[in-house]
Every structure is written in C-alpha cells, then in structure tokens.
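Hi everyone, thanks for making time. Let me put the structure on the screen, and then we'll walk through a few spots together.

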Amino acid sequence: MHLPDATYRLQFRNGMDFAKAVELIPHLVGLGISHLYASPLFTAVRGSAHGYDVVDYNEIDPALGGYDGFVRLAHALKAEGLGLVLDIVPNHMAAHLENDWWHSVIEWGRLSEFADCFDIDWREPLTLPFLGRPFEEEVAAGNVRLAYDHEHRCLALRYYEALYPLNPTSYAAIPGNGNAALERIAAVAGTAERKTAAQFHAEIASVVATPSIAAELDQRLARFSADTLQFDRLHRMQSWRLMSWQTARDKLSYRRFFEVAGLIGMRVEDEAVFTETHRLALALVREGLVDGLRIDHIDGLADPKGYLDRLRREAGDGTYVIVEKILGENETLPSDWPVEGATGYEFISALADLLSDDTPSSWLSSEERRSAAEEAVTGCKLQVLSRNFNTEVRRLTGLAARFTADGAPDQNVRTGEAIRQLMAALPVYRTYVGDQGAGARDSRILDGMAAKAAARAPGAGAEIAAIVSALRAPVDPADGKLRSEFRTRFQQLSGAVMAKAVEDTFFYRRGDYLAANEVGASPFWTPGGVGRFHAMMQDRASQMPHGLSATSTHDTKRGEDARARLHVVSEAPDVWAAAVDRWHGMNAESMGRVPAGEKPDAPVEQFLYHSLLGVWPIAPLGDEDDLISLHERMVDFAVKALREAKLRTSWDDPNERYEAAIKAFLGDLLDWHNRSFLGDFEKTAGPFIHAGLINSLSQTLVKLTAPGIPDIYQGSERIDLSLVDPDNRRGFSPRGSLSQLPQAPTIGDFEGCKQRLISIGLNYRQGRGADCLARGEYRAVRVEGPGARHAAAFMRRSRDGFALTVVPRLVFGQTADGRLSIRPELWRNTFLAWPEGCQFKPMCNLLTGGVTEPRPLLAVADVLRDFPVALLVEA
C-alpha cells in the first residue's frame, strides 16, 4: 500500500469541477501534497452543494465533468505523482425523485427491484413527508393534482415541480368517461408488471404522443383532481402517503440519515445491495484511478465491521481506507477494523489540550463543571429523542414491546422511556455488539448505561433490564431475529442522537469557550495541557499512525485559524469577560429597541461576540464594504446557531420574530456608524488575534510533524476564518507560495508564512523526513525554565534520523507589536532538555536555514529567534 504523505481535501460543486481541479494540480505539487482527497463525486441531486445526497452510485456526476472528466483528472494527478482518495457514502441516498431507484420504489412499491435496497418498513405505506402542509390542506389549496409525467411517461400526483408516480394498479380507479387516451392508459396499466417497466412506459408514451391527445388528457386529469373524494381515494390506493414534512418526527416508515427525511438509509449489509452501491467505486479502485476510500458515517451502518471486511476483500489490501468516526473520551478505533485510521476529529481535540491554558480559576471546579455539563447533555439528548427522533424511538418501542411485554396498559410508555434513558446514558456514539453478543468493551458500556438509566427512571427498571439484556446477549435462534433487529436499529440510531444532541444542540448553547465546541470534542472536556497532548500523540503513534490529522473539514464548526484564535480566550478570561460586559453596555440602546420578549439573553449575546472574534479580519477595517460581507455571514450563522440550540427557535418551529430581532441586533452591531463599539471591539480583539496567529502556526507545524497524515482543507493553507457550513464551503483562489520565509515577518505576512511553512514541512515529509515522520517514534521533549509553560516540543525519531518540533503556546500579551514574533524575554533562561538516548548531532532549522549545535540544554530563545516555530533536523 502506498500511504499518503499528505492529503488535500477538495470540496467539489460550488464552482469546483474536474477541469478546475486539474488547474489546481501545480498548486498541490508545490505544497507537497501526495493525494487529492475528494468529496463525493457520484451523481447527486441537481444543485447539490455537497454531494452527499447521491442519486446514482454508478455514475460520475455530469455536472462535474462526468466519467471522462474524472479520468482526465485522475490521469493528470498520476502524471505528477499524486494519488486520489475518494469519499463514498454507503449509509444513505437521496430520497428524491431524481433517484431512479427511489422513483421505482414509489411507483411499484414492494414489487420494485430496488425495494430491498432501502431501509423501509413495508408493514405500512411508504411515508413521503415532503409537503408544506397536511395532504388535505394542500389538495384544498390546489397544490396537489393529478398529472401526466412526460419525463417518466407515467401518471403522477404533482406537487409544484415534484411528480410522484402512481402505482399502475391504481390507474383503473381514474374514470375514463369516454376519454380514449385515459381508457387506453388504464388498459395498458392493467397488464403491466415491474419486470416490463420500460415497455409499460413506452406504451403509455405512445398513447399520448399526439399533442392534441396529450392536451385532452391534461384537461381530464384536472377535472378528476377537483373531485376531492375520488382524489383522496386514489391517494389511499398507493403504496405511499404524501404528508407534511412535520409528521416525519412522529411517523416515518424508513430509516433516514440523522433527522433528514430527504436522505434514506441503505441496506448495505445485504450482499446484493453492497454490490450495486459499490460497483463503480470499486471499479475505479481496480482500474488504478482511485487509491483510497473515505467511508462517510460508518456508525450509521447496521454492521460496520462486516461492511469494512467486505470492502477490504473487494478493494484489496493496497487500498488506503479511512472512516469518519468520532471517538469519545478514552475511546479507540476498534482494533479489528481493517482500516488505516479515522478522518481526524480526535486530532483537533488533542490540539485543544496543547493550545488551551489549563490554569485559570474557571477550570478549577472541573468536577462541578462536568456534573453540570453531564446534566445539560442528558437534557439535550432527551429533547432530541422526544422530538427530533421520536419516530425512531416509536419504532424501537414497538420492537422492544414484543419481548418486554407484561400486559400492563402503560407498558409501551415505560418501554419508550427506557429506550430514551438508555440512549441518553450512552457515553460514546455507539456500541458494536454483533450476533455473538457483547465483548468486554461493550459490556462495560452497557452496564454503565443501565445503572444511569435506572437511576433516572426507576419506574422503567424492568424494561431497562430487558432491553440491556437484548442488547448484550448472543442471538438466540428461537427469537433472535426480533432482538437482533432491535439491537441493530438501536446502535444505528445512537450515533445520530449523540451528534444532534451534543454537536448540534449543546455546543450551540454553551458560549463561554467556543474553541472547545468542535466536532468530535467531549462536552465534558477541560484542558489537560501539554502532558495530555503528549500522551495522546504517543497513543496515536502506536494505535493510529496512518489516520488523518485534520484541523479544518467541511463539518467543523469553525475554521482552524478561527479556532486557534478562540483558544486564546482561555489565557485571558477576565479580559474577555470585562470586554463582553463593556460591549453589552455600549449596545444597550440597540438592545432597548428590541421587544422585551425577543431580546437575546446574556449567553446568546456572549456567543455572538465570541463568534465575531473568530471571524474578525486581521487587517483593520478599511471602509463600510469590509463590514457588509462580515454582516451577511454572521446573520446567516446566527440564525443557524439559534435554531440548532433549540431554545427559542428551531428548524421545525422557527420563531421568526425572535430571529428578526437577532438580525436587527447584529445589523446595529455591525453598522459602520457604530464606531464606538467597532473601534473598541477591534482594539480588544487585537491581542487575541495576534496570539491566535502564533497558535495557528504552532498547530500547523504540529499537524505536519506529529503522528498521522496531515490533511489540508481547501484554502486553509493560507487562512481559514470560516464559520460552520455552508460558510466553510465557499470558493477559494490559490496563490503561489513564498520562495522562503521572510526574516522578521509582520502580521501582514501571516498567510504567506503559513503556506510556506506547509510547503517546507510537506516536502520534507516526502523527502528526507519520510521514514522519520511516517514511522518514527514519538518522544516528548521537556521544556525547563521560567517560560516552560509557554512552549512545547517533541521529537520524531527513526534509524534514518530525527526531527525536532518546537512551538510556542499561551502567548497572549507576549507578542511583539506588529510582528509575527514573540518577545524574546519570554524565553529568558528557558531550555529544551535533549532527550536521553538520542545522539548529539548538528541540526538545521528547515524554516530559517539556521544551524544549531547540539547540547544537553538548547536555549528556546535561540531556537525561536528568527521565526515563531521551529523544525530542527539533522544538518
């Protein structure tokens, strides 16, 4: 297997296609990238902004350049020695009429050849929750009517531009009343079979081929649509039911991705479904066009290990495979998964320890903070379980009731409560119990869940015990199918609940330290400092040396440089709190114009100021135009954040008055004439921004040299101050790299310095440092002296050599005015202790060219004299 040296994550769509990607190749080569890491490329819903709403697994999206364009890109990459890692989406497809498989299922129901591809409960009609209001109201308003679908050549119910095909068996229920075309269509439908669908559609098309006949048919269908009784009867004859989108939270007959009804779960555990959904992806691997696969949302699959075993057999041992997996506290990737690692969220969490100050008094009551956070997270989980995922809980309750039944009238209520409490008590995204029963790891988790759930819901103790037993026990041939299905669905759901409750609820409510509110972060985290960072990196070197090391992704809440800046708040919490109080006073007049019931409360106001700090431009505001884009981005972000928080507004029940008030508040806040606030904010933000730039360089060099494969998100090689998607999917324009790092760089040189730092580090990884950085041991290097807490260092060492990384940390108030450097007095009498057992050799600083003579104690002031970070290698 040719492992990547470094990947470059490129988001296709939003203006990026294969032809433009080819133009980027010289830029990638200059950076030292070894593999392009592409977002999903299979055909998605027209206009998709991300590609995860796949409609055809076996076609490269024509909107990107199609198969031929993809081949040209792959060959152009190969010609420059670059490989390609492809993001694939086995868990779900788009529940959209552009999806031919889905269209077939709607038209033919259970008889469709694709019916078993989707995770549908066929014991009830297929729910289609895509109406704005209940079906009856939309019919009364004339928004749903019978029509002929010229593209698919069938009769359908039209809802605006969507055409939901009727089952051919129901055509006869539409009276012809002398309309020859309609009578002929009904006759054709009466003999139709799914296996002759193409012939059926061709015959229907031939009936209405004449424009006059087609027009007459349209008139007849319109008259039928006006008869609400007959129209409703026709609707009820279908194997599906059109309904309001709001009903999905209470009634849904298929598994969806998270709470997105427009993404339907796939049954890739079925061999035939796996084959059909992976045919093209595996062909691209076998043809040598794709070198690696990134598996989206592995925890959503029925059997992650079984899936990965099958994928590995089909893709071969030479294919680099990574999984999108969020690891909880002290959780490791299952050792029996045949993958190279995860996509890197755990690396972001490790950087939080490195860059956060663990000494302020705000962290001292960590047990109290943890207890409060645990209670808040449990509340968030119970909220999303009762509302967002109520339909999934009801389905699980129905399954569980069949093996926990005691005949009591309220038994289903207690069973539902037991399921919610158990899932709320789950400390990780999911367990991985298979037919053989729970292993040691999962048994410990289940024991802890059961104890917490029983303590919170003692009245459901019997149901809790029965459910845990079903989750834990090996499959019993006598009644194993029922319990196995329950266990599978419970485990598939738990990850979605954790993600929505923590990442998309709790993290939008907690506003005191936004740098910690990141995908993959523990909601109970408190900083562990350099010591914990070193321990995590040593574990990473032994357990997941080939996983990706990410700092920004398409899913992160904030860009890497925004997060690096926000870490600085931990160093000066009192300064920040005083500023927030001051700004509250400055903007009191604006707040006074907001109706009392719509005012943002203190946590929301703090959240907005904190978020604004993360995106504030490095250069001083020049004119009003500088504020326009910032204002638009902040307004869009604020609405999304407030809806995700689910306190006073939400996606399924938006409070437009409250949102309008927040928008107005931001409008006043970021008004060019609000000079007192803007000036004060800019002045206050300056030291945070300055220290944040140093943090950015530190985390960049650490990513390049720590265990793992560096992953660069598009455009972040310069500066990434983005907010959550879609803000982080904006287009970018690559720029050439500096030929060398400037001496005495200024703040204005930051982007060029960061890009040049990446280029130096990655080219070293591909050259002399390949063995050292890819396979070398990780050694923490001790820092001694008065400034010891402000620096961190580690060595990567192999038989071929060593690389010593030295980075500053916690430098708020220690930066030199206007310069991208640190006051040298911070390093007075501060030294690096040369690791025991490592041979003394002359060293060259790759970033500055300076030579350092080895000695037992290396002066940090000398190492960091000419640039804020240092990479020392054998001269």
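Is Arg13 buried or exposed? Arg13 is buried, because its relative accessible area is 7%. The cut-offs here are under 20% relative accessible area for buried, over 50% for exposed and partly exposed in between, with a 1.4 Å probe and protein chains only.

Before going further, a word on what you're looking at. This is a predicted model, where local features need pLDDT of at least 70 and side-chain atom pairs count only at pLDDT 80 or more, while totals for chains, interfaces and linings use all residues. Residues are numbered from 1 along each chain as its sequence is written, and side-chain values use heavy atoms, with hydrogens and water left out.

Okay, back to Arg13. You'll find Arg13 in the loop between strand S1 (7–10) and helix H1 (18–31). Those labels are DSSP runs numbered from the N terminus: helices are H or I with at least four residues, and strands are E with at least two. Arg13 also has a positive phi of about 80°, although Arg13 is not a glycine.

Asn829 has a positive phi too, near 60°, and again this is a residue other than glycine. Asn829 sits in the loop between strand S22 (801–808) and strand S23 (831–833). Is Asn829 buried or exposed? With a relative accessible area of 52%, Asn829 is exposed.

While we're on backbone details, look at Asp725 and Pro726: a cis peptide bond joins them, with omega at about 10°. Pro726 is in the loop between strand S18 (709–713) and helix H26 (750–766).

Asp5 lies in the segment before S1, and Asp5 counts as buried because its relative accessible area is 19%. What does Asp5 touch? Setting aside neighbours within four places in sequence, Asp5 is in contact (heavy atoms within 4.5 Å) with Ser34, Ile709, Pro710, Arg765 and Gln766. Asp5 and Arg236, on the other hand, are 231 residues apart in sequence and 58 Å apart in space, C-alpha to C-alpha.

Lys703 is in helix H25 (residues 675–705). Lys703 counts as buried, at 2% relative accessibility. Once neighbours within four places in sequence are set aside, the contacts of Lys703 include Phe347, Glu560 and Asp711.

Ile174 belongs to the loop between strand S10 (162–165) and helix H5 (180–190). Ile174 is buried, at 4% relative accessibility. Not counting residues up to four places away in sequence, Ile174 touches Leu146, Leu155, Leu166, Leu182, Phe224 and Leu234.

Next, a pair of helices. Two packed helices are described by the angle between their axes and the distance between the axes. Here, helix H15 (residues 440–456) and helix H16 (residues 461–472) pack at about 170°, with their axes 10 Å apart. So H15 is roughly antiparallel to H16. For the wording, angles under 35 degrees count as roughly parallel, over 145 as roughly antiparallel, 65 to 115 as roughly perpendicular and the rest as oblique. The axes are lines fitted to C-alpha atoms, for helices over the stretch in contact, and angles run from 0 to 180 degrees between N-to-C directions.

Which residues meet there? From H15 come Ser443, Leu446, Asp447, Ala450, Ala453 and Ala454, and they meet Ile464, Val468, Leu471 and Arg472 in H16. The residues of this contact divide into 7 nonpolar, 1 polar and 2 charged. Ala, Val, Leu, Ile, Met, Phe, Trp, Tyr, Cys and Pro count as nonpolar, Asp, Glu, Lys and Arg as charged, and the others, Gly among them, as polar.

How many cavities of 30 Å³ or more does a search of the whole structure find? The search finds 5. On a 1 Å grid over the protein atoms alone, a cavity is a set of points where a 1.4 Å probe fits but cannot get out, and lining residues have an atom within 4 Å of a point. Grid points are joined across faces, edges and corners, and a volume is the space filled by probe spheres set on the points.

The largest cavity holds about 250 Å³ of space. Its lining has 18 residues, with Arg255, Arg256, Glu392, Arg489 and Leu493 nearest the centre. By class, that lining has 8 nonpolar, 5 polar and 5 charged residues.

The second largest cavity holds about 70 Å³. Helix H11 (residues 345–355) gives the most to its lining, with 3 residues. That's my tour, thanks!

Terms used
1 Å grid on protein atoms, 1.4 Å probe; cavity = no way out; pocket = protein on both sides within 12 Å on 5 of 7 lines; lining within 4 Å.
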